[in-house]
Amino acid sequence: MELFVVVFALSASLIWALASLVAYKPVQYFGTFEFVRIQLATSALVLVIIMMITGSWDTVLWKHSNALIISGFFRNFAG
């Protein structure tokens, strides 16, 4: 299971870096902030799908859920 975590983390970093290289036209069309919002929402969806496939929901520490909710709330009003 630990190998999956490392592979997924490296894959996410690589995809995030490559997306900025190939996303020139969409960034021009949507604008920087809107494109990042779309990118973050897509990343969250992919993460949820991966967690559902691997069954790794039990690794989430739900005691931190309040901080996640507050962070998401303020992110929505930041731009």
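This is a predicted model: local features need pLDDT of at least 70, side-chain atom pairs count only at pLDDT 80 or more; totals for chains, interfaces and linings use all residues.
**Aromatic pairs and a buried serine**

F4 is partly exposed, its relative accessible area coming to 49%.

The rings of Y29 and F30 form an edge-to-face pair, because their planes stand at 80°, and an angle over 60 degrees counts as edge-to-face. The ring centres in this pair are 5.0 Å apart. Y29 is exposed, with a relative accessible area of 67%, whereas F30 is partly exposed, at 41%.

In total, the model holds two aromatic pairs. The rings of F4 and F8 have planes at 20° and centres 6.1 Å apart, so this pair is stacked; the cut-off for stacking is an angle under 30 degrees.

Attention then turns to a serine. S56 sits in the loop that runs between α3 (32-54) and α4 (65-76). Its relative accessible area is 9%, so S56 is buried, as the limit for that class is under 20%. The side chain of S56 is also joined to the side chain of T54 by a polar contact of 3.0 Å. Taken together, S56 is a buried residue in a loop with a side-chain polar partner in T54.

Technical notes. Residues are numbered from 1 along each chain as its sequence is written. Side-chain values use heavy atoms; hydrogens and water are left out. Helices (H or I, at least four residues) and strands (E, at least two) are DSSP runs, numbered from the N terminus. Buried means under 20% relative accessible area, exposed over 50%, partly exposed in between (1.4 Å probe, protein chains only). A polar contact is a pair of N or O atoms within 3.5 Å; within protein, one must be able to donate a hydrogen and the other to accept it, and residues adjacent in sequence count only if both atoms are side-chain atoms. Rings of Phe, Tyr and Trp (its six-membered ring) pair if their centres lie within 6.5 Å; planes under 30 degrees apart count as stacked, over 60 as edge-to-face and the rest as tilted.
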